[in-house]
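This briefing covers one protein chain, topic by topic. The sequence and structure come first, and the notes follow.

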Amino acid sequence: MMKWLRGNNYAAMLLTIIRLYVGWEWMVAGWHKITGDKAFDATGYLKGAIAKPVLESGTTDLVYANYVAFLKNFALPHVGWFNVMVPWGELLVGLGLLIGALTTTAIFFGLLMNFMYMFAGTVSANPWLILLGFFIIAAGANAGKFGVDHLILPYLHKWLDKILERFHMKPKLR
């Protein structure tokens, strides 16, 4: 299955459709936050996630206590950063997936945001986007085969090889 997902042209075509759908969802979400009538402000969302965290049904213990502590002690005091990072991150993840540029990097950060939203208690479309995102990230470069990745990845590999050689970090092939 992994060999097919990572190397087959038909898989690349199917992954392109999935990538375009997921990319569109991310791009639209970010675009609406950036171009909305009023400036995006995560303060209310963060306060709500802190006030009503995800609780275990039997014991009412916090399920993600560390994440709630992160929201309370870091995210909320630095909400200005998040007001910029969230909408622009969503938009850039969407654009990366739509044009197939740095696809695995884009989907990694998309999955990271999906999980953060779910840790905060927001279900929405996140499970669906996570499921589709796993196929994209598992496929690696094949997910961006019919996109800009096909053009830029060879140059990025050459550039990275030069850097690794310079620092004597390139693995020796047998």
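A residue is called buried under 20% relative accessible area, exposed over 50%, and partly exposed in between, using a 1.4 Å probe and protein chains only. By that scale Leu 102 is partly exposed, with a relative accessible area of 40%. The model is predicted: local features need pLDDT of at least 70, side-chain atom pairs count only at pLDDT 80 or more, and totals for chains, interfaces and linings use all residues. Residues are numbered from 1 along each chain as its sequence is written, and side-chain values use heavy atoms, with hydrogens and water left out.

**Overall layout**

- The protein chain has eight helices and zero strands; helices (H or I, at least four residues) and strands (E, at least two) are DSSP runs, numbered from the N terminus.
- Along the principal axes, the C-alpha atoms of the protein chain fill a box of roughly 55 × 40 × 40 Å.
- Of the 174 residues in the protein chain, 32% are buried.
- Among contacts (heavy atoms within 4.5 Å) with a separation of 6 or more, 72% are between residues 24 or more positions apart.

**Nonpolar cores**

- A nonpolar core is a set of buried Ala, Val, Leu, Ile, Met, Phe, Trp, Tyr and Cys residues joined through side-chain atoms within 4.5 Å.
- The largest such core has 19 residues, and those with the most contacts inside it are Val 22, Trp 26, Leu 97, Ile 107 and Ile 136.
- At least two residues of this core come from each of helix H2 (9–35), helix H5 (79–99), helix H6 (103–119) and helix H7 (126–139).
- A second, separate core has ten residues, including Ala 42, Ala 49, Ala 75 and Phe 82.
- Val 22, leaving aside its neighbours within four places in sequence, is in contact with Leu 97, Ile 107, Leu 129, Leu 132 and Ile 136.

**Helix H6**

- H6 has 17 residues and reaches 24 Å from its first C-alpha to its last, close to the 24 Å expected at 1.5 Å a residue; the expected span is 1.5 Å times one less than the number of residues.
- Its buried residues are Thr 103, Ala 106, Ile 107, Gly 110, Leu 111, Met 113, Asn 114 and Tyr 117.
- Seen down the axis of H6, these buried residues fall within an arc of 165°, so they line one face of the helix; the arc is that of the directions from the helix axis to the C-beta atoms.
- The buried residues of H6 pack against H2, H3, H5, H7 and helix H8 (149–166).

**Aromatic pairs**

- Rings of Phe, Tyr and Trp (its six-membered ring) pair if their centres lie within 6.5 Å; planes under 30 degrees apart count as stacked, over 60 as edge-to-face and the rest as tilted.
- The structure holds twelve aromatic pairs.
- Tyr 45 and Tyr 117 form an edge-to-face pair, 6.4 Å centre to centre with 90° between the planes.
- This pair links distant parts of the chain, with Tyr 45 in helix H3 (residues 43–51) and Tyr 117 in helix H6, 72 residues apart.
- Tyr 45 counts as partly exposed at 36% relative accessibility, whereas Tyr 117 counts as buried at 17%.
- The ring centres of Tyr 64 and Phe 119 are 4.7 Å apart and their planes are at 50°, so the pair is tilted.
- Tyr 64 lies in the loop between H3 and helix H4 (65–75) and Phe 119 in helix H6, so this pair ties together parts that are 55 residues apart in sequence.
- Tyr 64 is partly exposed at 30% relative accessibility, and Phe 119 is partly exposed with a relative accessible area of 27%.
- Ring pairs link Tyr 64, Tyr 67, Phe 70, Phe 74, Trp 81, Phe 82, Phe 115, Phe 119 and Phe 134 into a cluster.
- Phe 70, found in helix H4, is partly exposed with a relative accessible area of 33%.
- Leaving aside its neighbours within four places in sequence, Phe 70 is in contact with Ala 75 and Phe 82.

**Positive phi in loops**

- Thr 60 has a positive phi of about 55° although it is not a glycine.
- Thr 60 is placed in the loop between H3 and H4 and is exposed, with a relative accessible area of 54%.
- Leu 102 lies in the loop between H5 and H6, and its phi is near 50°, a positive value in a residue other than glycine.
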